[in-house]
Amino acid sequence: MNFFDDALHAVLSFLSTGLLDFSAWQVVIYTLVVTHITIAAVTIYLHRHQAHRALDLHPIPSHFFRFWLWLTTGQVTKEWASIHRKHHAKCDTEEDPHSPQTRGIRKVLFEGAELYRAESKVKETMEKYGHGTPDDWIERHVYTGRSTLGVASLLVINVALFGVLGLTVWAIQMMWIPITAAGIINGLGHWWGYRNYDC
């Protein structure tokens with residue numbers, strides 16, 4: 001009987017604290033650090049390096065960012081870069097994949113991820129705007145087409161590290177880019193920002 005009691009106690013203890021047994025503040029700091037890395041990955045790798053070619057990255061940080069984005073957002077580099085390039089080429093027209101000027105601020109703020117997913121399925125967008133993005137073995141066989149594997153792996157990692165609280169950490173990580181980048185930066189930036197700069 002003691003074996004089962006001990007095993008149950010160990011499982012319950014693991015579920016409540018995880019492997020790290022962090023305090024609430026440590027979990028908050030961890031969450032802020034990893035979400036910051038995700039924002040940096042989008043800004044440095046996807047935006048500056050891939051979409052605009054304004055920055056050259058060494059293959060090591062470049063692949064780190066690819067892996068990190070697959071793990072924390074499920075982003076596929078070619079899809080993001082293609083959609084962003086099309087956004088610039090067709091900015092605030094009916095062809096812009098996610099313009100609050102044409103689709104409305106509410107749509108971009110609350111359904112920006114859906115707009116992204118819909119455009120990622122447009123073959124013409126991927127072919128026309130996806131040039132120069134990674135097309136190696138790992139991109140074709142792991143990252144592209146298996147984005148749910150990345151975010152599911154992150155869920156397992158967070159629960160292992162923090163116990164049940166890891167579910168909350170994971171949920172925050174999943175909401176971070178759709179809300180901050182797609183909704184606030186792109187959505188509000190394009191909806192509100194132009195009011196200060198009449199052409």
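**Helix packing, then cavities and pockets**

Modeller: Let's start with α4 and helix α6 (residues 105-120): their axes come within 10 Å and cross at roughly 100 degrees. That makes α4 roughly perpendicular to α6. Angles under 35 degrees count as roughly parallel, over 145 as roughly antiparallel, 65 to 115 as roughly perpendicular and the rest as oblique.

Biologist: Which residues make that contact?

Modeller: Glu79, Trp80, Ile83 and Lys86 come from α4, while Tyr116, Glu119 and Ser120 come from α6; contact means heavy atoms within 4.5 Å. By class, three are nonpolar, one is polar and three are charged. Bear in mind that this is a predicted model, where local features need pLDDT of at least 70, side-chain atom pairs count only at pLDDT 80 or more, and totals for chains, interfaces and linings use all residues. Residues are numbered from 1 along each chain as its sequence is written, and side-chain values use heavy atoms, with hydrogens and water left out.

Biologist: At what angle do α2 and α4 pack?

Modeller: About 65 degrees, with the axes 10 Å apart. Therefore α2 and α4 are roughly perpendicular to each other, and the crossing is right-handed. On the α2 side you have Val42, Tyr45, Leu46, His47, Gln50 and Ala51, which meet Thr77, Trp80, Ala81, His84, Arg85 and His88 in α4. The classes there are six nonpolar, five polar and one charged.

Biologist: And α2 with α3: left-handed or right-handed?

Modeller: That crossing is left-handed. Helix α2 (residues 24-51) packs with α3 at an angle of about 125 degrees, the axes lying 9 Å apart, so the two are oblique to each other.

Biologist: Which residues of α2 and α3 meet?

Modeller: From α2 they include Val34, Ile37, Ala41, Val42, Tyr45 and His49, and from α3 they include Phe64, Phe65, Trp68 and Leu69. By class, that contact has 11 nonpolar, four polar and one charged residues.

Biologist: Changing topic: how many cavities of 30 Å³ or more turn up?

Modeller: One, from a search of the whole structure. The volume of the largest cavity is about 40 Å³. On a 1 Å grid over the protein atoms alone, a cavity is a set of points where a 1.4 Å probe fits but cannot get out, a pocket is an open set with protein on both sides within 12 Å along at least five of seven lines, and lining residues have an atom within 4 Å of a point.

Biologist: What lines the largest cavity?

Modeller: Arg66, Leu69, Trp70, Gln75, Val76, Thr77, Glu139 and Tyr143. The largest share, three residues, comes from α3; α3 (59-72) and α8 (137-143) each supply at least two. Four of the lining residues are nonpolar, two polar and two charged.

Biologist: How much space lies in the second largest pocket?

Modeller: About 150 Å³. The elements giving two or more residues to its lining are α4 (77-89) and α8. The lining includes Lys78, Glu79, Met126, Pro134, Asp135 and Arg140, and the whole set divides into three nonpolar, three polar and five charged.

Biologist: Which residues line both spots?

Modeller: Val76 and Glu139 are listed for the largest cavity and again for the second largest pocket.

Notes
Points joined across faces, edges and corners; volume = space filled by probe spheres on them. Helix = DSSP H or I, 4+ residues; strand = E, 2+ residues; numbered from the N terminus. Nonpolar A, V, L, I, M, F, W, Y, C, P; charged D, E, K, R; others polar. Axes fitted to C-alpha atoms, helices over the stretch in contact; angles between N-to-C directions. Left-handed = near helix turned anticlockwise from the far one by under 90°.
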